[in-house]
Amino acid sequence: MLELMVLASPERLQGWLGALLLNAALIALAQRLPLLTRSGWVHAGILGTLLWGSLGWRGWLAVVLYLALGSLVTRLGYRRKQELGLAEGRGGRRGPENVWGSAATGAALALLTVLPSAPVTLLLIGFSASFAAKLADTCGSEIGKRWGRHTLLITSLRPVPPGTEGAISLEGTAASAAGSALMALVLLQLGLLQGWQPWLLVAGVGLAATLIESLIGAVLQPRLAWLSNELVNALQTLIAALLAMGLAQALLLA
């Protein structure tokens, strides 16, 4: 009850209102950029409000940079991926399903940090891992589809066409590792991660969660018609967050 009273306090409500107005203004200015669909921008505004209201400008900026980096990677070699039939639809623009598939876990953890008794450091490690994993997945998928020389199914290591669910390549895996490390570095520089040990943990977990996501794609997606790519993305970020928080506690990092 006390925690609910704190969340509904005039000061907190004023902060949420300010976050809403600020994000509405920013989205109105940014929606011409070819990053999101029209409805995607609306949902991005909701996400931005949640992040700014709970973590402040640092949490908001971290996710903006994630979106920018992911969109940049998606456009690398885009014309060739179109020719191969492997390009993202809508010209690479993301919709609401992509916004929440990538950010639902991080948004939930960000909201938990506002509770008076919240283990903030631990939650921020989970938050960071969820976005490191998602950028790792984007980098691995987009680079692997375009430049992967030998694409193998993760479960059997037999050759499969680029873009196959559960496919991996040396180039794509290296790109995933780089993407995870880069996102973790962004979070470290913004002060959401404290120290190089949490950075290394988050970077490693981001790569591990991406490989687990490939396993899910190879084993479960062909069997479960309802398991969409967006749900797999959400599951990947949840696995990354839980794994990072569990390891952080075991290693006494939080």
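# Reading a predicted helical chain

User: Let's start with Thr 138: is Thr 138 buried or exposed?

Analyst: Thr 138 is buried, since its relative accessible area is 5% (buried means under 20%, exposed over 50%, partly exposed in between, with a 1.4 Å probe and protein chains only). This is a predicted model, where local features need pLDDT of at least 70 and side-chain atom pairs pLDDT 80 or more, while totals for chains, interfaces and linings use all residues. Residues are numbered from 1 along each chain as its sequence is written, and side-chain values use heavy atoms, leaving out hydrogens and water.

User: Which residues is Thr 138 in contact with, leaving aside neighbours within four places in sequence?

Analyst: Contact means heavy atoms within 4.5 Å. On that basis Thr 138 meets Tyr 66, Gly 70, Val 73, Thr 74 and Arg 94, once neighbours within four places in sequence are set aside. Thr 138 itself sits in helix H6. Take Ser 71 too: 67 residues separate Ser 71 from Thr 138 in sequence, but C-alpha to C-alpha they are 8.9 Å apart.

User: How many helices and strands does the protein chain have?

Analyst: Helices (H or I, at least four residues) and strands (E, at least two) are DSSP runs, numbered from the N terminus. The protein chain has 9 helices and 2 strands, in the order α-α-α-α-α-α-β-β-α-α-α from the N terminus on.

User: Which residues touch the most other members of the largest nonpolar core?

Analyst: A nonpolar core is a set of buried Ala, Val, Leu, Ile, Met, Phe, Trp, Tyr and Cys residues joined through side-chain atoms within 4.5 Å. The largest one here has 51 residues, and Phe 127 and Met 183 touch the most other members. Helices giving at least two residues each include helix H2 (10–30), helix H3 (38–75) and H7. H6 supplies the largest share, 12 residues. As for Phe 127, beyond its neighbours within four places in sequence, its contacts include Leu 51, Val 63, Leu 109 and Leu 187.

User: What about Asn 233: buried or exposed?

Analyst: Asn 233 counts as buried because its relative accessibility is 12%. Asn 233 is in helix H9 and touches Gly 101, Lys 134, Asp 137 and Glu 213, not counting residues up to four places away in sequence.

User: And where does Leu 157 lie?

Analyst: Leu 157 is in the loop between strand E1 (152–153) and strand E2 (167–168). Although Leu 157 is not a glycine, its phi is positive, about 60°. Leu 157 counts as exposed, at 53% relative accessibility. Leu 252, in the segment after H9, also has a positive phi, near 60°. Leu 252 is exposed too, with 73% relative accessible area.
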